[in-house]
Amino acid sequence: METQTSILQTCNPSVDSGGFETHPKGRQARVLLSSVFGPYAQDDEFGSRAINPMELYHNQVTRAQGSFSLRMFHRSWGIMMIQANISAPCAVLDFPKRGDFAREITSQRYDVIGLSSIITNVGKVREMCRMIRELSPQSSIVVGGHVAAIPAIESMIDADHIVRGEGISWMRRYLGEDESAPIRHPGIVSGMRTRIMGIRLPERKGATAATIIPSVGCPMGCNFCTTSAFFGGKGKFVNFFETGDELFNVMLRMEDELKVQSFFVMDENFLLHRERAMRLLERMKEAGKSWSMSVFASANAIRKYTPQELVELGVSWLWMGLESPRAGYSKLQGTDTRELTRELREHGIRVQGSTIIGLEHHTPDNIVDEIEHAVSHNTDFHQFMLYTPVPGTPLYQQIAAEGRLLEVDYADIHGQYKFNFKHAAISREDSKRFLDWAFWRDFELNGPSLYRISRTLLAGWRRYKDWPDARVRERFTREMGRLSGIYSSALWAMEKQFRRVDENVSQQIRALRREFRQESGVVSRMMPAVLGPVLLWTTRREEKRLARGKTYEPPTIVERSNWVEA
Ligand code: B12
Ligand code: SF4
């Protein structure tokens, strides 16, 4: 395996943050934007790792939940955003295999090839640059995304331009377009190929939320946070849509284009911008929109709203950093996060907590208690990540200055394996043990996330089914109507299967199933008898498949815009 110091020295391109050279063909240039190649869920020489699949939940949230793990893929939104905002002929190639990438760059003649990557995948970027030089030598190579934060990246990959920070304005400028033109939001279906309990959910138009990206970066500037650092750090971020009105109009268009009523809002701290959120609410009320929203928000930002305001805004799922009560992050100050979680769930808001393992104050003596504290939040989902100094962040600079960085391959710096720095009290090996134990403990004590979200949904439905605001009633009725039959059936199968893990949780699932039965219509009441055994069978079949090493990969997708065959 390669270490970060052995990466090839190849060239010295321009790292663009200001002074600028545009492409000679301008907006006539043919552009390819590609994500890095797969397969991903395997160990290979380019930096794929079996432990680091191209999946959000299974990778870092539900990975200990076996067949109950929520599995789905997300497109590469950064390059989709760039494509939608340039007028040059452009293709986006998402999740290619190496062969697909080679075929695309030889069957079409590209003037510009843009590669998007995070730090972990730098080995693939290097290989793709090599392939471009060999197979498409006329192409200018532009590399963007978080990979650009690696120190001295220009000496590791053979690219012409390495772009740090926001890419839409950079690409517009490069192609001689107006970089300050309004942002056009592409229609993005948030997830695809969703699987749980051994079945793949059908993909009907409108059934999956649309992704909306109002901004990049976060002004809170937590020391470890790479998204904040990459877009300017503390006090800075880039807004694509400044006002609630702009956001409302984008959502209106998505509702029409994708036939959705739910939105995954990809903004690191959506609720922090209260004025924008409240204006959005006003517009939603005026137009009678019963939309639902999944958002990321810090505890201090959530506290700016009453639960009713959140519910009226349609917040149905909230990703909140819990980190550690002793870490002193300003976003948590003065907040009892356990109480907050309980309250949100009682209002039907699903909570996804996020906890860091291996903070500076952690020791083998206190970390078990800290994990128990995290797990006691009983969130619907819980992400655990290792404290990780990532290039570009203040934490990385600090740990480097202290001489505590370990020489670790970038492919292994993703927060789900082992420390990449020398911790005062916890060894590298133990970092993984504690991390794995945290996932397991959360699953063992709180049960499958699917059970937990069913409970939150039921609580919300009971509280709001007769609420005066029709939009709110409609949302809960919609969610309950669509899901109660399926959830009751899933609960039936979960109850049986979870006996093997913990009898107590299995009993709790049974109790919830009874409550669902009381609240459901006739069809939903009948469904578990038929669908339950089927789900139990698919669940057990999936357990066997996973035990044999089954993994999942995203499909390869090509999308062309402003396209004329050459
Ligand atoms: C969706 C997502 C994923 C998806 C990946 C989808 C995909 N197709 O790649 C999933 C869930 C699978 C995923 C997995 C992982 N992810 Co992820 N993910 C995200 C997330 C939440 C959103 C990304 C996004 O679309 N943002 C919005 C777009 C508009 O921003 P953007 O991608 O940064 O793009 C902008 C610029 O960077 C730039 N740009 C991007 N590409 C290009 C290309 C060119 C040519 C140019 C010029 C510019 C440019 O322009 C864009 C517009 O301004 C981010 C967090 C975040 N808020 O960004 C983390 C994030 C990117 N992920 C991260 C990590 C660490 C991972 C994992 C390693 C985590 C893990 N252990 O589970 C795995 C890796 C999986 C793998 N094998 O590669 C880190 C990256 C850290 C780093 N510094 O490299 C982030 C920043 C989260 C974090 N704060 O830690 N992830
Ligand atoms: S609040 Fe969250 S997104 Fe913002 S800087 Fe802190 S960790 Fe990053």
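Accessible areas here come from the Shrake-Rupley method with a 1.4 Å probe. On that basis, the chain of this predicted model has an accessible surface of about 22,400 Å², and carbon and sulfur atoms account for 52% of that area. Ligand 1 is surrounded by 41 residues.

**Overall fold**

- The chain contains 18 helices and 18 strands.
- Its radius of gyration is 24 Å, close to the 24 Å given by the globule rule for 566 residues, so the chain is as compact as a globular protein of that length.
- Along the principal axes, the C-alpha atoms fill a box of roughly 70 × 55 × 45 Å.
- Of the 566 residues, 60% count as buried.
- Where contacting residues are at least 6 apart in sequence, 76% of the contacts join residues at least 24 apart.

**Shell around ligand 1**

- By class, the shell comprises 18 nonpolar, 19 polar and four charged residues.
- At least two shell residues come from each of α1 (57-60), α2 (77-84), β5 (112-116), β6 (140-144) and α6 (226-230).
- The largest share, four residues, is supplied by α2.

**Polar contacts with ligand 1**

- Asn 59 places a polar side-chain atom 2.8 Å from an oxygen atom of ligand 1.
- Thr 227 has a polar side-chain atom 3.1 Å from a nitrogen atom of the ligand.
- His 414 takes part through its backbone, with a polar backbone atom 2.7 Å from a nitrogen atom of ligand 1.

Terms used: Residues numbered from 1 in each chain as written. Chains lettered and ligands numbered in written order. Predicted model: local features only at pLDDT ≥ 70, side-chain atom pairs only at ≥ 80, totals over all residues. Heavy atoms only, no water. Near = heavy atom within 4 Å. Polar contact = N/O pair within 3.5 Å; in protein donor to acceptor, adjacent residues only side chain to side chain. Nonpolar A, V, L, I, M, F, W, Y, C, P; charged D, E, K, R; others polar. Rg over C-alpha atoms; globule rule 2.2 N^0.38 Å. Buried < 20%, exposed > 50% of the residue type's maximum accessible area, 1.4 Å probe, protein only. Contact = heavy atoms within 4.5 Å.
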